[in-house]
Amino acid sequence: MGRVSEAFEEAGVTPTKVGACLAVHEALGISILLGSWALCYKLLGHNKAQKVFNQLARHKSYNSGKKWVSQKTKYFPSSVDPEKLVVSGALSTVARKLCSPVLVPGKILLSVTLVRRFTS
């Protein structure tokens, strides 16, 4: 634990700023989650992505999942396709996991940088 506290001290992050760093880190994480989900939702409308979507529709558990999703999303606006919403959510999760070796350190670095810059 001594090495961690030394690293924070070297970065100029005092114990009182750790909470702010965590809040910024989580806000960045939620932004990345929603942004990647929206991007995947938009990309599913293209022809190449539609091929993946059609292959998933052939899977035997797809129909039971489709029924569950339609029950859970019945109050969504009619412009939102529930199947596309779920598939894009799964795709964005995979994409974020693949990018996590870059995303996690980047979020930490950006959090520390922002907190140091905007707090005295």
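**View 1. The helices of the predicted model.** The protein has 5 helices and 0 strands, in a model that is predicted. Read from the N terminus on, its elements follow the order α-α-α-α-α. Of the 120 residues of the protein, 20% count as buried. The views that follow concern helix 2, which covers residues 15-43, and helix 5, which covers residues 82-118.

**View 2. The crossing of helix 2 and helix 5.** Two packed helices are described by the angle between their axes and the distance between the axes. Here the axes of helix 2 and helix 5 come within 8 Å, and they cross at roughly 150°. Because angles over 145 degrees count as roughly antiparallel, helix 2 is described as roughly antiparallel to helix 5. The crossing in which helix 2 passes helix 5 is right-handed. The residues that make up the contact of helix 2 with helix 5 divide into 18 nonpolar, 7 polar and 4 charged.

View 3. Although Cys 40 and Ser 88 are 48 residues apart along the chain, their C-alpha atoms are separated by 5.0 Å.

View 4. In sequence, Leu 110 and His 25 are 85 residues apart, whereas in space they are 7.9 Å apart, C-alpha to C-alpha.

**View 5. The largest pocket and its lining.** Rolling a probe the size of a water molecule over the atoms shows where empty space is left. In this protein, about 190 Å³ of space lies in the largest pocket. The residues that line the largest pocket are Gly 29, Ile 32, Leu 33, Arg 96, Lys 97, Ser 100, Leu 103, Val 104 and Lys 107. Helix 2 and helix 5 each supply at least two residues of this lining, and the largest share, 6 residues, comes from helix 5. By residue class, the lining of the largest pocket divides into 4 nonpolar, 2 polar and 3 charged residues; among the lining residues are Arg 96, Lys 97 and Lys 107, and Lys and Arg count as charged.

Conventions
Residues numbered from 1 in each chain as written. Predicted model: local features only at pLDDT ≥ 70, side-chain atom pairs only at ≥ 80, totals over all residues. Heavy atoms only, no water. Axes fitted to C-alpha atoms, helices over the stretch in contact; angles between N-to-C directions. Helix = DSSP H or I, 4+ residues; strand = E, 2+ residues; numbered from the N terminus. Parallel < 35°, antiparallel > 145°, perpendicular 65-115°, else oblique. Left-handed = near helix turned anticlockwise from the far one by under 90°. 1 Å grid on protein atoms, 1.4 Å probe; cavity = no way out; pocket = protein on both sides within 12 Å on 5 of 7 lines; lining within 4 Å. Points joined across faces, edges and corners; volume = space filled by probe spheres on them. Buried < 20%, exposed > 50% of the residue type's maximum accessible area, 1.4 Å probe, protein only.
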